[in-house]
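Student: Please take me through the structure shown below, one question at a time.

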Amino acid sequence: MKIASFNINGIKARFERLSEYLEEAKPDVALLQEIKSNDENFPRESIEELGYNVETHGQKNFNGVAILSKIPLEDVARGLPKGHGDDQARWIEATVVGRTAVRICNLYLPNGNPAPGPKFDYKLEWMEWLKSRAEELIESEQVALMAGDYNVIPCPDDVYEPVDWENDALFLPETKAAWRRIENLGFTDAFRVINNKPLNYTFWDFQRGAWQKNEGLRIDHFLLTPQCADLLKDCQIDRYMRGKPKPSDHVPVWVELDV
């Protein structure tokens, strides 16, 4: 089973890129972040014509997540259980069943800038809600994963120039500590199991020629429960997507599981 995660930075602006990717890469499941569309305006029928079931948790002009799956989606849930009253569409999860059932959680974690400030406080609070759900997944001993745009730079190898990001919400000590508390519950960073080398990024800013100079960040991640990590076959970054016309500032990341 191939599962891809892609912050598309607007479904309307990037639908052509997404369609190309689905046809070229052929993921069984595609997790989208920052769709910037409410549920009613999401191009459901066009994606269903490509062979995918569609579930969305949308929001007009901002945020929004979606799961596209060639496999039927079961037990769909929207919003983090601990995030009661959160009005931002940043979480959706569902189960897909191959030879094994896999609980797939798709997230778009808050950016948090400027920090310090209310936006950073919200980021850290959201990460605590995420940790609570992560604990439930670990305790359930499910084959499960949490994937998406985490807006977290886990370590210096995940950014082109660490000193330039010391005061950014994506790389502040509080953010990295919150990430570690989640990872240390027993999750595996899928990409780092496969590739522990630096200069592997998933995001390049549209400004200052960042793509051309490879001044990027690795902020899109797959975290796998132990039961899921046991089934990991591969995890790669499809960086070629950043070189296409009118790209997203993120590129897809994918895992292949033996399920």
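Student: At what N to O distance do the side chains of Glu 128 and Arg 181 meet in a salt bridge?

Tutor: This is a predicted model, in which local features need pLDDT of at least 70 and side-chain atom pairs count only at pLDDT 80 or more, while totals for chains, interfaces and linings use all residues. Residues are numbered from 1 along each chain as its sequence is written, and side-chain values use heavy atoms, with hydrogens and water left out. A salt bridge is a side-chain nitrogen of Lys or Arg within 4 Å of a carboxyl oxygen of Asp or Glu. For Glu 128 and Arg 181, the N to O distance is 3.6 Å.

Student: How many residues apart in sequence are the parts that Glu 128 and Arg 181 tie together?

Tutor: Helices (H or I, at least four residues) and strands (E, at least two) are DSSP runs, numbered from the N terminus. Because Glu 128 lies in helix 3 and Arg 181 in helix 4 (residues 173-183), the pair joins parts whose separation in sequence is 53 residues.

Student: Is Arg 181 buried, partly exposed or exposed?

Tutor: Buried means under 20% relative accessible area, exposed over 50%, and partly exposed in between, for a 1.4 Å probe and protein chains only. Glu 128 has a relative accessibility of 38%, which makes this residue partly exposed. Arg 181, at 41%, is likewise partly exposed.

Student: Which strand holds Glu 93, the residue that pairs with Arg 133?

Tutor: Arg 133 and Glu 93 form a salt bridge at 2.7 Å, N to O. This pair links distant parts of the chain, 40 residues apart, with Arg 133 in helix 3 (residues 118-140). Both Arg 133 and Glu 93 are buried. Glu 93 lies in strand 6 (residues 91-97).

Student: Why are Arg 17 and Glu 20 separated by about one helical turn?

Tutor: The two residues form a salt bridge, with their closest N and O atoms 2.8 Å apart. Arg 17 is buried at 7% relative accessibility, whereas Glu 20 is partly exposed at 22%. Their separation is about one helical turn because, in helix 1 (residues 11-25), they are apart by three residues.

Student: Which Lys is linked with Glu 16, Arg 17, Glu 20 and Glu 24 in a network of salt bridges?

Tutor: The whole structure holds 19 salt bridges. In the network that includes Arg 17 and Glu 20, the Lys is Lys 244.

Student: Are the residues of strand 2 buried or exposed?

Tutor: Strand 2 (residues 29-33) pairs in the parallel sense with strand 1 (residues 2-7) and in the antiparallel sense with strand 4 (residues 65-69), each time over five bridges. In a regular strand, side chains alternate between the two faces of the sheet. Here Val 29, Leu 31 and Gln 33 point one way, and Ala 30 and Leu 32 the other. Strand 2 is largely enclosed by the rest of the structure because five of its five residues are buried.

Student: Which residue of strand 2 stands opposite Asn 7?

Tutor: Strand 1 and strand 2 are joined by five bridges in the parallel sense. Opposite Asn 7 stands Gln 33.

Student: What angle does helix 3 make with strand 7?

Tutor: Axes are lines fitted to C-alpha atoms, for helices over the stretch in contact, and angles run from 0 to 180 degrees between N-to-C directions; contact means heavy atoms within 4.5 Å. Helix 3 lies across strand 6, strand 7 (101-108) and strand 8 (144-149). Its angle to strand 7 is about 175°.

Definitions and conventions: Two strands pair if DSSP finds at least two bridges between them.
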